[in-house]
Amino acid sequence: MKKLFFAIVLLADIKVQAQLSKPCEQLKVMGTTLTDSKGNRVALHGMSFGWHNWWPRFYNVGAVHELVNAWHANVIRASMGIEHNDGYLQKPDQSIQLVKNVVDACIKENAYVIIDWHDHNIHLNESKLFFEMMAKEYGKHPNIIYEIYNEPDHESWAEVKAYSEEIIKIIRAQDQDNIILVGSPHWDQDIHLPASDPIKGYNNLMYTMHFYAGTHKKWLRDRTDEAIAKGLPVFVSECAGMEATGDGPIDIAESKNFFDWMQEKGLSWAVWSVSDKNETCSVLKPSAASDGHWKPEDIKEWGKLAIEYMEKYK
């Protein structure tokens, strides 16, 4: 009887390990929906790292392992800062290596990974070179999602569209299949603009909407609903519960409204952010180790809520 019990336990453990090690599906967009290779709806839920140039200490295998296995994230966003101190424009080699640390770790963990060009201004030539390199190296992996322009701020949709078409062309020359995320004007709130004038001629494109529940309310959900009704596929690649500054109190009720709404609509999302700044949106305290193994006392209120969301909506 004891032998039978241990055999059952062993088989159960093998089954769990097999589930954990299941390779990522090749994702595709059907209509407004993100799906797997068989056409089943997929909604990814995960975490976004903070700017790589300000929190490089978390861009490592251990942190990715913790987020995937302890926090149950199935998508990780590597936010490569372009401008500001030690960003890509100043230190491209260091920036690329930190992003690769996260991408390689996600592939090993069978998680999806967003390669995020974390910029607020257009740097077309630099972006072309970067995404050509990334697509050549990683395009064969179904884990990869390209976010080609984090948050256009004051650029018009015509400018963002023209830029995006150039970068999409570069990526598709190397990688025909993986999902590409296109930014929207006004910090990814003007999702109605691409809905009225979407990019044509390419498959597997989605458009990003970002929200901070302390600032953005039902009007943004309604605007996004209207964009989806027009046929626009939407991916919430950055979201949080406080004010758009990343600070201030967490609006618990409005956060729940947004997450319930995303669940109802089947939208994918990544919570901002894995960092340890003295602000509400940073999910960790400075006491947190760089390589994971985070204790409950290392995790701030927003981090604990993020874990709850990933557990609840998985």
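Before I look at helix pairs, a reminder on handedness: a crossing is left-handed if the near helix is turned anticlockwise from the far one by less than a right angle, and right-handed if clockwise. I also keep in mind that this is a predicted model.

**Entry: the sheet.** I traced the strands and got a closed barrel of 8 strands with parallel pairing, in the order S3-S4-S5-S6-S7-S8-S9-S10. Neighbouring strands in this sheet are turned against each other by 25° on average, direction ignored.

Next I asked which strands helix H2 touches. H2 (residues 61-69) packs on the sheet against strand S3 (45-49), strand S4 (75-81) and strand S10 (269-274). I noted about 155° between the directions of H2 and S3.

**Entry: H2 and H3.** I moved on to helix H3 (residues 92-109), whose axis comes within 9 Å of the H2 axis and crosses it at roughly 40°. That angle makes H2 oblique to H3. Left-handed or right-handed, then? H2 passes H3 in a right-handed crossing. On the H2 side I listed Val-61, Val-64, His-65, Val-68 and Asn-69, and on the H3 side Val-102, Ala-105, Cys-106 and Glu-109. Sorted by class, this contact has 6 nonpolar, 2 polar and 1 charged residues.

**Entry: H3 and H4.** Helix H4 (residues 124-138) is next on my list. The axes of H3 and H4 come within 13 Å and cross at roughly 30°. Angles under 35 degrees count as roughly parallel, so I put H3 and H4 down as roughly parallel to each other. H3 passes H4 in a right-handed crossing. Here Ile-96, Lys-100, Val-103, Asp-104 and Ile-107 of H3 meet Phe-130, Met-133, Met-134, Glu-137 and Tyr-138 of H4. I get 7 nonpolar, no polar and 3 charged residues for this contact.

**Entry: H4 and H5.** I then checked H4 against helix H5 (residues 157-172): the axes are 8 Å apart and the angle is about 25°. H4 and H5 are therefore roughly parallel to each other. Their crossing is right-handed. H4 brings Leu-124, Ser-127, Lys-128, Phe-131, Glu-132 and Ala-135 to the contact, while H5 brings Tyr-163, Glu-166, Ile-167, Ile-170 and Ile-171. The class count reads 7 nonpolar, 1 polar and 3 charged residues.

**Entry: salt bridges.** How many salt bridges does the structure hold? I have 17. One that I looked up joins Glu-147 to Arg-77, with the closest N and O atoms 2.8 Å apart. This pair links distant parts of the chain, since Glu-147 sits in strand S6 (residues 144-147) and Arg-77 in strand S4, 70 residues apart. Side chains of opposite charge can pair when their charged atoms come close.

Entry: I flagged a cis peptide bond between Trp-272 and Ser-273, with omega about 0°. Ser-273 lies in strand S10. I also flagged Asn-204, a residue other than glycine with a positive phi, near 60°. I found Asn-204 in the loop between helix H7 (192-196) and S8.

Notes. Residues numbered from 1 in each chain as written. Predicted model: local features only at pLDDT ≥ 70, side-chain atom pairs only at ≥ 80, totals over all residues. Heavy atoms only, no water. Pairing = 2+ DSSP bridges. Helix = DSSP H or I, 4+ residues; strand = E, 2+ residues; numbered from the N terminus. Axes fitted to C-alpha atoms, helices over the stretch in contact; angles between N-to-C directions. Contact = heavy atoms within 4.5 Å. Parallel < 35°, antiparallel > 145°, perpendicular 65-115°, else oblique. Nonpolar A, V, L, I, M, F, W, Y, C, P; charged D, E, K, R; others polar. Salt bridge = Lys/Arg side-chain N within 4 Å of Asp/Glu carboxyl O.
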